[in-house]
Amino acid sequence: MTTERFKELDCLRGVASLSIVFFHFFAGTKAFDIYFKYGGTTVDLFFIISGFVIFLSVRNNNSWIDFVKKRVLRLYPTYWICLTITTLSIILNHYFLSTDNQGLFFRFLTNFTMFQYYFKVDDMDGPYWTLAIELMFYLLIAFLLLLNGLNKIEIIGVLILSLSVFLYFCLLPYYPLIYHSINRAFPLINHWPMFFAGILFYKQKKDKETILRYVLIVVCFFVGLLVFRKASRTADFISIFQYGIVLTIYFLLFFLLVKDLLKFINFNFFIFLGNISYTLYLIHQYIGRDLLLKNITNYTKLYWGVGCLLSVLFSVFLSIVITYYLEPPLRKILKKSLFDGRYMKNDQKNR
């Protein structure tokens, strides 16, 4: 079995990861309001990519067990390494600041599961908040594989979209506590329009294009706008009109991908960033921004821009070390335990 690879997706990942880095690094500066406040919306781009890629990966695989194992193999080794490095950095920083580390070990263990959201334990680092949403999406796909219901994903997708609209219009105005309880329990609901749009774009790319799917993609766009204030963490920085423009760009990029017109973004630099994007996303905020950048600007006479550049470069360097040198051995050990030593030829493709 072979898995097709779209370099355009690697490039989009690379651009998205760098945009989020700049979004976090430039927060609180004048440049943020002018140039970088839109970077936080690239989380939605990641969700669209996830919807597309997951269906690409399960196209010829009906085993929900193998699907879960591959997702574990994809997510956890890098996450565990980044979590451990971040935790050690927090401990050292607290030591030099004479800050109490009480409760940090329990927080680390809970974060180790990646289900800290449901244990109501704080994320060890800011970007981890999206992991609960990704995990819920993967569990939904695994459940559909278990029931042989993946061929009904468009019907299910519409039902979830309808639920999101119903909650927003019917429950939120009259029963806000129930609304927030449901969204707390199932955070995927508000982000479902992005995942579902990615799935629909995949269907348009790999199956016969239909008008109905394009209509559903437009519906995803407008439902995404509808829940913007409740779903997006960038709602404090940009207006719904600005978000609509950015979301239009994301959807147009995937339309170009469907039409095979997106190859103009295939630059090696973006592909390289795409390869380290997951690690860079996980590692950049506390170590790159909160630790390195703040210490550089507080304790040296370097110009802030130079400190920012050094911090970004260090974050990229650390991501390279983790991705290419630290993660593969751990991944190999985990692969052997999950797949009994069976070699998966395509586990690196479009993961």
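Here is a short tour of the structure above, stop by stop, with something to select each time.

**Before you start**

You're looking at a predicted model, where local features need pLDDT of at least 70, side-chain atom pairs count only at pLDDT 80 or more, and totals for chains, interfaces and linings use all residues. Residues are numbered from 1 along each chain as its sequence is written, and side-chain values use heavy atoms, with hydrogens and water left out.

**Stop 1: the core**

Select Tyr79, Phe137, Trp192, Phe251 and Phe254. Among the 92 residues of the largest nonpolar core, these five touch the most other members. A nonpolar core here is a set of buried Ala, Val, Leu, Ile, Met, Phe, Trp, Tyr and Cys residues joined through side-chain atoms within 4.5 Å. Buried means under 20% relative accessible area, exposed means over 50%, and partly exposed is in between (1.4 Å probe, protein chains only). Helix α6 gives the most to this core, 12 residues. Helices are DSSP runs (H or I, at least four residues), numbered from the N terminus.

Now zoom in on Trp192.

**Stop 2: His284**

Next, pick His284 in helix α14 (residues 277-299). Is His284 buried or exposed? His284 counts as buried, because its relative accessibility is 0%. Its side chain reaches the backbone oxygen of Leu280 at 2.9 Å. Not counting residues up to four places away in sequence, the residues His284 touches include Val21, Phe25, Pro127 and Ser315.

**Stop 3**

Select Trp64, Ile65, Val68, Phe143, Leu146 and Leu147, which make a nonpolar surface patch of about 540 Å². Like charges are joined within 9 Å, and nonpolar side chains (Val, Leu, Ile, Met, Phe, Trp, Tyr) within 5 Å. Areas come from the Shrake-Rupley method with a 1.4 Å probe, and for residues only the protein chains shown count as cover.

Click on Ile65 in α4: it counts as partly exposed because its relative accessibility is 40%.

**Stop 3: Glu209 and its partners**

Go to the loop between α9 (188-206) and α10 (211-226) to find Glu209. Which side chains does the Glu209 side chain meet in polar contacts? One is Tyr214, at 2.5 Å, and another is Lys259, at 3.1 Å. A polar contact is a pair of N or O atoms within 3.5 Å; within protein, one must be able to donate a hydrogen and the other to accept it, and residues adjacent in sequence count only if both atoms are side-chain atoms.

**Stop 4: two loop residues with positive phi**

Most residues other than glycine have a negative phi. Asn148, in the loop between α6 and α7 (153-171), has a positive phi near 55°. Asn148 counts as exposed, because its relative accessibility is 59%. Finish at Asp260, in the loop between α12 (240-258) and α13 (268-275). Asp260 also has a positive phi, about 60°, and is partly exposed at 42%.

How values were computed
Patch = residues over 30% accessible without salt bridge, like charges linked within 9 Å, V, L, I, M, F, W, Y side chains within 5 Å. Salt bridge = Lys/Arg side-chain N within 4 Å of Asp/Glu carboxyl O. Contact = heavy atoms within 4.5 Å.
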